[in-house]
Amino acid sequence: MDAISEWKSAQGRVTALLTGLSPEHAERRVPACPDWTVRDLLSHMVGLDADVIAGDEPDDHNSTWTQRQVDERRDRSMAELLEEWDGLVEPLAAWMREFTTRPLGDVVIHEQDLRGALGVSGGHGTDGLRALRDRMVGRFGENVAHLPPLALDGGSWQWCSSGEVEDAAVVLRASEFALTRAVMSRRSAAQLRGWVVRGDVEPYLAGFEVLGPLPDVDLTD
């Protein structure tokens, strides 16, 4: 996978998704990031890249840092935010070539958050999304390593915390995309319970909080 190309592709898809967006849609609340509107989330995405290039990036990506990115761009229109972002593409690509391609994760996760808010599906089968899934499922595995084996069965993609999928004490079955988003903390506890085909998922729910608390509402993207 060319992570920089994947980042540019995701950035291009988000730009296309948001270009010409009505003010009403720009102020729509993002279910996966309930404190933010679509415009707020774009402000964070742009601000994160600007801060990374500037060397202003805390290890924990704390809420004070991310909220500042939003607050500093309160008076900017969607068009102005997208223009700022466009100007960051090549500087960020150069930064990623020199340091790390970690910024790919932010745009991949939030592309789907935005799509969920706007009801526009897309970007489900990208190499970037799969690569991030493999990283996040590893963290999920660490969270549940003390529990009996749990398996995720997405048909074309399967994973088990220990041993073989067929022998797991707990099995969740859903689409590959839904399971991918689940290990990014983008599916509700109710959705996870609905995927159980064997065992009891309750002891594992906290393990799905890889990137924060599970959403209170069901998510679609």
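Colleague: What should I know about the model before we start?
Modeller: This is a predicted model, in which local features need pLDDT of at least 70 and side-chain atom pairs count only at pLDDT 80 or more, while totals for chains, interfaces and linings use all residues. Residues are numbered from 1 along each chain as its sequence is written, and side-chain values use heavy atoms, with hydrogens and water left out.

Colleague: Which residues lie nearest the centre of the largest pocket?
Modeller: Cys-33, His-110, Arg-186, Leu-211 and Gly-212 do, out of 37 lining residues; on a 1 Å grid over the protein atoms alone, a pocket is an open set of points where a 1.4 Å probe fits, with protein on both sides within 12 Å along at least five of seven lines, and lining residues have an atom within 4 Å of a point.

Colleague: And which helix gives the largest share of that lining?
Modeller: H6 does, with five residues, where helices are DSSP runs of H or I of at least four residues and strands are E runs of at least two, numbered from the N terminus.

Colleague: Switching topic, is Ser-43 buried or exposed?
Modeller: Ser-43, in helix H3, is buried at 0% relative accessibility, buried meaning under 20% relative accessible area with a 1.4 Å probe and protein chains only.

Colleague: What does Ser-43 touch?
Modeller: Leaving out residues up to four places away in sequence, Ser-43 touches Gln-69, Val-70, Arg-73 and Leu-81, contact meaning heavy atoms within 4.5 Å.

Colleague: Where is Thr-37?
Modeller: Thr-37 is in strand S2, and Thr-37 is buried too, with a relative accessible area of 6%.

Terms used:
Buried < 20%, exposed > 50% of the residue type's maximum accessible area, 1.4 Å probe, protein only.
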